[in-house]
Amino acid sequence: MPEQDYHSYICPMHPEIRQAKAGDCPKCGMHLERKNVSLSTQEPDRQPRILSYKFWFGLILAVPVFLLSLSEMIPGLSLDTFVSPNLSRWLQFILTTPIVLWAGNVFFVKAWRSFLSRNLNMFSLIAVGVGAAYGFSVVAFLFPGIFPESLKKNGYIGLYFEAAAVITVLVLLGQLLEARARNKTGQAIKALLGLAAKSAHRIANGKEEDISIDKVKKGDLLRVRPGEKVPLDGVIIEGKSSVDESMISGEPMPASKKNGDSVIGATVNQTGTFVMRTEKVGSETMLAQIVNMVSEAQRSRAPIQRLADQVSGYFVPAVAVSAMAAFALWAVFGPKPVLAYSLVSAISVLIIACPCALGLATPMSVMVGVGKGAQSGILIKNAEAIEKSGKVTHLLIDKTGTLTAGKPQITAVFPSDGWDEDDFLRLAASLENSSEHPLARAVVDYANQRGINFFPAADFQSVTGGGVKGKVNDKMVLLGKQKFIESAGINLPEALKDKAASLQEKAHTVIWVAVEQKIAGIIAVSDPIKETTPDAISALRKMGVKIVMLTGDNEKTAQAIAKELGIKEVYAGLTPKDKQDIVKRLRSGGAKVMVAGDGINDAPALAEAEVGIAMGGGTDVAIESAGITLVKGDLGGIVKALRLSRGVMRNIRQNLFFAFIYNALGVPIAAGALYPFFGLLLNPMIAGAAMSFSSVSVIANSLRLRNLKLS
């Protein structure tokens, strides 16, 4: 990974904004985040700590300012016994100044940048509102003589130091909550980073040495002992063991590993010692890919965010105009002191209209949703995938590896009369033990599970497209398709032929076995339906999703699987382009299509679909082409992904409602719309609290997604 790319920072709201060092976005003012995540280093995020210092500093000073101002805000309340009016005003000035100029300086810096770049944002409004309240109060306090006597009360001009102080503290609180929420949603990433091994036992030149994980190179031989984490992705070349792969597969049972099997970095070795050859390091490992996928998705924006961005673009100048209009109307029609009322209404409008909540509505939900998905084995590539998943009407599913296990298994054995089942299997498995064909491995594995010992095979021959033959225990054994057996001049019993036909109609492959020119029996092999598939299909139907099967397998097998699962629409014998064309046709008809697959042949359809879901264990091409990847490759994960996406979109709409309703109701009230009828005028401090409460509401609502039930 290039150094410059690794050290680039990106805006969560505006991904096009990138720079080589940390800072703030020139458009929205948000704190920039790292574009890439490193497995070897974890830089602490200083933003929450800095904001925490500023918030507590500001709060400690703002409380006495607020208490001192009570006598002016609440009629009949006087604190003159404890503090004289003049001393009170001095204390308010002294305490408020560091709050605004130090604790709140970040808002003014961001606002200044927004004015220079002509990208008005929420900080533009905050700076104008706080600046107006503080600036007016400073002038009124230090130079009261420039104001007419009609504006004075008991010889003093009304001050709004408490508004500037409390608003600054409340906005800091909102920023602190947001920063902490971002940290919470990043817990999935931090937890994943913590899974990585820190060191490895490298074998070189016959010697073993302990080295840091970042010094391991491709091709290095590493020894892994019981209880240790697998350092990186690789292949076992010596030894065998059981490995806890629950972090990847979600399965509690450890996976048996032997010579030639792949192992994944950060999984835990349990029982045996083995030597592995490293094949992936750094950003190539599965753990690194998962971390980066989660990180990028949490920074991404859903298309619905464009609405919020567009509204914000018009909202800031519209609010500025509203504030000026409120000032002018109060200046013309308001009671005396006119300037005081005009200023209060204008400042209140500027403060309550701050679109903080609008800017948080979508990214907060996306971040929490992506983190929730990562914890549930659902890896979301970007926010667009979340939004589109929430609208899915059709789910197109590949058969092998998606509906089925993707691995042939022996489902039944039918020996001919006079044959013992174990003797029959011993001969068949002994011959198949010399073959690497997937069906042969299924026969061998089944015999091993039964504890059957093998005979050595001699004169082994493999006939392409037909079967195998050879001598086992001095007997000639033939094993393969019906035509292969018949071509050897062997007669097939009608009863077994009928049984074979019945099995084939149920999506089974039939292996015929002949010994010494006589049929010894048949073996039924199938790719079994995953245990979770029927329940998942039922759940998808309840969600209103139409299920379509796409497969490259033959029509008979596809129809048999579809019939068992109740799938009505089936397309068999498809090429990759055929699958892609079906997706195009459905989309052109208005369908919102989701495609689930795990192979290279599924990649075009995955890319063509509204949303592609790559099943766990699938090829890299399939994963790259998909918007969502399921760590555990079964249909239940799709159900969870759809529930998550719908929950996130519902949450976003709720957040946007919170943001708009506060602004829509708050601006006219702040402008003084209730004053002619009820004599109510919103204090700028109350306006600041209402504005911050809208942001807190959005954050709290987004964090509810962590409790969303997906199963």
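Reader: What share of the contacts in the protein chain with a separation of 6 or more comes from residues 24 or more positions apart?
Author: That share is 68%, with a contact meaning heavy atoms within 4.5 Å. Bear in mind that this is a predicted model: local features need pLDDT of at least 70, side-chain atom pairs count only at pLDDT 80 or more, and totals for chains, interfaces and linings use all residues. Residues are numbered from 1 along each chain as its sequence is written, and side-chain values use heavy atoms, leaving out hydrogens and water.

Reader: How many helices and strands does the protein chain have?
Author: There are 26 helices and 27 strands, taken as DSSP runs (H or I over at least four residues for helices, E over at least two for strands) and numbered from the N terminus.

Reader: What makes Phe93 buried or exposed?
Author: Buried means under 20% relative accessible area, exposed means over 50%, and partly exposed is in between (1.4 Å probe, protein chains only). Phe93 has 17%, so the residue is buried. Across the protein chain, buried residues make up 51% of the 711 residues.

Reader: Why are the rings of Trp90 and Phe93 called a pair, and of which kind?
Author: Rings of Phe, Tyr and Trp (its six-membered ring) pair if their centres lie within 6.5 Å; planes under 30 degrees apart are stacked, over 60 edge-to-face, and the rest tilted. Here the centres are 6.2 Å apart and the planes are at 75°, so the pair is edge-to-face. Both residues sit in helix α3, 3 residues apart, which puts about one helical turn between them. Trp90 and Phe93 also belong to one aromatic cluster with Tyr134, Phe141 and Phe161.

Reader: How many aromatic pairs turn up in the whole structure?
Author: The search finds 7. One of them joins Phe57 and Trp102, with centres 5.0 Å apart and planes at 80°, so that pair is edge-to-face. Phe57 is in helix α2 (residues 47–73) and Trp102 in helix α3, 45 residues apart, so the pair links distant parts of the chain. Phe57 at 31% is partly exposed, and so is Trp102 at 43%.

Reader: How do you know what Lys54 does at the ring of Trp102?
Author: A charge sits over a ring if NZ of Lys or CZ of Arg is within 6 Å of the ring centre and within 35 degrees of the ring normal. Lys54 is at 4.1 Å from the ring centre and lies over the face of Trp102.

Reader: Which residues make the nonpolar surface patch?
Author: Leu87, Trp90, Ile94, Val139, Leu142 and Phe143 do, over about 540 Å². Patches take residues with over 30% relative accessible area and no salt bridge, joining like charges within 9 Å and nonpolar side chains (Val, Leu, Ile, Met, Phe, Trp, Tyr) within 5 Å. A salt bridge needs a side-chain nitrogen of Lys or Arg within 4 Å of a carboxyl oxygen of Asp or Glu. Trp90 is at 39% and Val139 is at 33%; each is partly exposed. Helix α3 (85–103) and helix α5 (122–142) each supply at least two residues, and α3 gives the most, with 3. Val139 is in α5.

Reader: What is the phi of Asp459?
Author: Phi is positive, about 55°, although Asp459 is not a glycine. Most residues other than glycine have a negative phi. Asp459 is in strand β18 (residues 457–463) and, at 54%, counts as exposed. Glu516 also has a positive phi, near 50°, in the loop between β21 (509–515) and β22 (518–526). At 44%, Glu516 is partly exposed.

Note on methods
Areas by Shrake-Rupley, 256 points an atom, 1.4 Å probe, with all protein chains shown as cover.
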